[in-house]
Amino acid sequence: MAKASSGKARDEAPEPSVTVADTGNAQATSGGMAVTGYRGPAPVTGDTPHPPVRLSYTGQATASGGGIANTGYMHIDTLVQGAVEPDPWMKPDDYLRQVNKGSVYTHRWRLVGRTQTMASLVPFARNEQGRVALLVGRGGAGKTKIVTALCGAMRDAEPTVEVRVLGPGSSIGPGAFRELPSTGELLVIVDDAHDDTLPLEKIVSGVRSVNTSANVLLSLRPYGMVHARRALARAGLHVSEATVVEIGDLEFDDALSLASEILDEAVRLHAPRLAAAARDCPLLIVTGAALINSGAVDPQRFEGDEQLHLELTDRLAEALTADPASGQVPQELLCALAAFQPVRLAEPEVRTSLEALTRLPFDLCAQHLATLEDAGVALSHGTAMRLVPDLLGDALLIKAARHSGTGLPTSYLARAMEAGQGSALANLVVNTGRVDWQQQQQGTGTGLIEPLWEQILGAFRAADARGRVSLLEVVAKLAFFQPRRALDLATWAVDNPCDPVTAEVGLGFTHTWTDTEVRYALAPVLQAIVHHLEFLPQAATLLWNLGRDDQRGLPQHPSHPLRILAERADYTRWGPTKYQEILISQVERWLTRTPAAPSVHQPLSVLAPLLSIDGHDEVWTPSTWTLTFRPYVLPPTREVLDMRGAVLDLAFEELGHPQLERASEACSLIGKALSLPLGGFGLTVTDAMQQPWIPHLASTVDRLHQYIVQHILPPAILTAVRTELRWLAQYGPDGLRRPAEVKFPRDPGHVIVMPRGCAAAAAWSRSG
């Protein structure tokens, strides 16, 4: 397309032809007139651009305006039969119609008890600086109701604030932000932002690139904070820069007001009981009122508020699926959806799993699923489906897995695990682990996952290397929600290696699985666990034991145990972290316990990132739809210098270690501590960036000199010290070059007077 076509190409343009719409995201490669399409063979279909599709100009094209000539398109979806990428953003009226279409799960009731929350969110939405806010609350706490109220408040605002809500199941591609208003006040809302499949960094960056004054509100459950924090960092933000609004329990009077509004007059006398029992969960008040109105629940039958709360939770699914539009959907199918969601219906293994657990043929399951979606109880995203609201799936899983009266486990999870295959089995384990974790956080029960975990543990201990690797892939997805159980399993796996096994992998090829591959598979499990400060010490020690003799290169293997530790040891643009403090303490312990036999890696290498002066963020760049690096230089704050000082203390202790490998690592670490900012990724390091660091680095040079004067070091280590200082002595700024030259001269004949080591000093001098 970038070159003018020849007459021959024009005459031989293949038929039939297809018109391809310009996506607006193509790279210019040469001059020419812009076109909206071309005549040529239909492109190959696909899902996402891994690499970009290249289209050659093969026929006549009509210019339709100014622009840039291009040779291809960055998003393959827009290439197929001229399809245009759908707009993922809903206007408030459309969003409100969708969330209010159910007869029970609806947000038509008044918002109560959230005056302070709205007092934070309304000014945020009107802010013209382009901010991000996080609305954080448990399932059923009323996040979606607050979002609907905010939509209404903005509709009546003066001047007008445009609001867009990310549609359920929408895909975010390069053209997703084209329809957003590029000027004026704009609020973009992402509900259920705890879903880790949502590319939050692309959403935040894309919105802000289109409209710099736009505000983005992410509504999420507490466990989604890790996902949100990581995504905001990639969007160039720290969570401390975001407005965090946490939703607590309703006050009794507010809960009473809501219950009184929904209850029929004949049963309104039960409003105080309902309010007292469910003020921690407005959704339970709404569904509980529906159950009381229908006569399905009589609060007088329950002695205490806790018993009534348990009954309302147990009957949540009944209330939400009581809508006549949902028809007579078998309870077995609802529970199976809760267990296996998101249910990926395109996978044959998942369809088989549904049939096995529900004992229904899949064609009948599909009819019921369509009924649930029409009733607003299920939501599809492509070929994947899940229940809404989230709390419905949780309640169904709890109801199926536990006897409501005794609280004892049923056999449901065992049957679900036996029926589950592929992603259905993995989702079953993750969903159960997540719900169990949520109950622990709320103090409402524990041990939901225990029957399932016993099966996993038994299967893991009996499995060969291949089976263990397969099970660890599932455990890695669960580990964040069950860190203690996953950590115990990982510890057992390290202490109990398994036998190798050789098996066919297809097309006549075989592969041998060994315990080494099991150890490799343990790293992602531990990577999820180290997010929890409570479990970081033990998980870090396991990672060190797994990685100390792992000869794979760290840059080429993101799941290398030592690379995972290095990432935890990194600074952020905002300075030190709690993870760094814990890792320093752990490395100190490892140094005292390290066996005499040398290892491939040394414990001090884990702390190398703590001595970096500069670093970079990974930031999503929407204009090029790429992940780019944003460099920075740390200022020498007291917190940073204290952290560096603790690492240098360990390094100087190790510098005189009789094991040369350990002493050499200490020397390298000290050399890293003497490095000035290097720049990179387009950053030009100025004198203003370097000067604040020079006094600290000069004091480190002096400390190194004093150490060498006072200790006897092997010639090899003395030579390594000189190597580390060579660049600084030759090319460093004056404040560092002169101290390095004076205290570590390059003159081979110069001998430093060392009271305890003249022979070593002579050897060191001759080595120069």
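Begin by selecting Phe481: its relative accessibility is 10%, and because buried means under 20%, the residue counts as buried. The model shown here is a predicted one.

Tyr223 counts as buried because its relative accessibility is 13%. How are the rings of Tyr223 and Phe481 arranged as an aromatic pair? The arrangement is edge-to-face, with 5.3 Å centre to centre and 80 degrees between the planes.

Keep Tyr223 selected and turn to Trp437. These two residues also form an edge-to-face pair, at 6.2 Å centre to centre and with 80 degrees between the planes. Trp437 is found in helix H17 (residues 422-442), whereas Tyr223 is in the loop between strand E7 (215-220) and helix H6 (225-234), so this pair ties together parts that are 214 residues apart in sequence. Trp437 is buried, as is Tyr223.

Now extend the selection to Phe480. Together, Tyr223, Trp437, Phe480 and Phe481 make up one aromatic cluster. For the model, the count of aromatic pairs is 10.

Finally, move to two contacts between a charge and a ring. Select Arg552 with Tyr520: Arg552 lies over the face of Tyr520, 3.6 Å from the ring centre. Then select Arg568 with Tyr579, where Arg568 lies over the ring face at 4.5 Å from the ring centre.

Technical notes
Residues are numbered from 1 along each chain as its sequence is written. This is a predicted model: local features need pLDDT of at least 70, side-chain atom pairs count only at pLDDT 80 or more; totals for chains, interfaces and linings use all residues. Side-chain values use heavy atoms; hydrogens and water are left out. Rings of Phe, Tyr and Trp (its six-membered ring) pair if their centres lie within 6.5 Å; planes under 30 degrees apart count as stacked, over 60 as edge-to-face and the rest as tilted. Helices (H or I, at least four residues) and strands (E, at least two) are DSSP runs, numbered from the N terminus. Buried means under 20% relative accessible area, exposed over 50%, partly exposed in between (1.4 Å probe, protein chains only). A charge sits over a ring if NZ of Lys or CZ of Arg is within 6 Å of the ring centre and within 35 degrees of the ring normal.
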